Amino acid sequence: MKFLKYLIVGALFGIVMAKSEAISWYRIQEMFRFQAFHMYGIIGVAVVLGIIGVAIIKKLKLKDVEGNPILFFPKSKSIARYLFGGIIFGLGWALSGACPGPMVVNIGYGFASFTVVLFFATVGTYVYGLIRDKLPH
Amino acid sequence: MIDFILNPWPWWFSGLVISCVMFLLIFFGKSFGFSANLRTMCAIGGAGKKVKFFDFDWKKQIWNLVFLLGAILGGYLTNTFLTYPDQAVEISENTIRDLKALGFSAPTTIQPKELFSLESLFTLKGFLILAIGGFLVGFGARYAGGCTSGHAISGIADLQVPSMIAVVGFFIGGFIMTFGIFPLLFS
């Protein structure tokens, strides 16, 4: 029962991804071609509200529902891993038109082909784990 | 009101709802990072026995897998109850023109049949495009330590420089694919 709230928030996430058309390959192409504001507007609003909200949480030292302080952990400093990893991710994002969230939303929406995309994304994650010691981080 | 829900949602409303999703997870004591689920699925599949990267207590990530199931459900609910039938994505005329030059017809639904129909999946080229696209996303997300939710939304909300570098990388990769590789791949 304690997991029910995650199912509901997940469903809200799936609905907003689908209703905003962020799950559409066409919308991702339009974004990478700078031909509409739509995707930039979605990400921009989420980021600006996120920055304000996180600042408020830190300022007021807010706690989560279990009473634990909400902490934000700085990510490890590096350029190579974020840049190279990011570029590889971006290549795949433009090709398949989906980052990991929209992949599964598309499956729910009825596009069965995305099970193939999701399966190979999992394979990609596995191969990264296999060779990560050989990659610059 | 009903018309607002059934039509595609405007960008400002969508961005607002996405930030609500992030803050709900934060107040549940979790963080918004979708691609972590791919690592969890590897761990559940037994990858931790061979590869140390997957040897972690994945039971602590069950909440995120439930979130993933919710996302699938959300996609289903949207298509079944929350949309007008057969709505085409209203992308810009310029994008329609550019994609036409690459052999894609104008949108009739939310995804191009040239890539996501089962007929396309069962061709070698169609299969490889989806497989390689997925592989690059999964590999790159873990290499970069996060995807759009973890870096572009959560990381930048916390003003983290690594996330800004990752997002710059996302766009460099997206431009290389769109302007460099697509003309070779499609015509």
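**Entry 1: annotated spans, chain A**
I looked up the UniProt record first: its unreviewed entry places the annotation "transmembrane region" on residues 38–57, 78–95 and 107–131 of chain A. UniProt positions are given here in the numbering used for this model, feature names are shortened, and annotations may be inferred rather than shown by experiment. I note that this is a predicted model, in which local features need pLDDT of at least 70, side-chain atom pairs count only at pLDDT 80 or more, and totals for chains, interfaces and linings use all residues. Residues are numbered from 1 along each chain as its sequence is written, while chains are lettered from A and ligands numbered from 1 in the order in which they are written.

I then checked two of these spans against the model. Residues 78–95 of chain A are 89% helix and 0% strand, with end C-alpha atoms 27 Å apart. For residues 107–131 of chain A I found 84% helix, 0% strand and a distance of 29 Å between the end C-alpha atoms. Helices (H or I, at least four residues) and strands (E, at least two) are DSSP runs, numbered from the N terminus.

**Entry 2: chain A as a whole**
I counted six helices and zero strands in chain A. The C-alpha atoms of chain A fill a box of roughly 45 × 40 × 40 Å along the principal axes. Of the 137 residues in chain A, 56% are buried, that is, with 20 or more other C-beta atoms within 10 Å of their own, C-beta atoms being placed from the backbone.

**Entry 3: annotated spans, chain B**
For chain B, the unreviewed UniProt entry gives "transmembrane region" at residues 12–29, 62–82, 122–144 and 165–186. Residues 12–29 of chain B are 89% helix and 0% strand, and their end C-alpha atoms lie 26 Å apart. Residues 62–82 of chain B are 95% helix and 0% strand, with 28 Å between the end C-alpha atoms.

I find 105 residues of chain B in contact (C-beta atoms, placed from the backbone, within 7 Å) with 98 residues of chain A. The side of chain B that touches chain A has 73 nonpolar, 28 polar and four charged residues.

Technical notes
Two residues are in contact if their C-beta atoms, placed from the backbone, lie within 7 Å. Ala, Val, Leu, Ile, Met, Phe, Trp, Tyr, Cys and Pro count as nonpolar, Asp, Glu, Lys and Arg as charged, and the others, Gly among them, as polar. A residue is buried if 20 or more other C-beta atoms lie within 10 Å of its own, exposed if 12 or fewer, and partly exposed in between; C-beta atoms are placed from the backbone.
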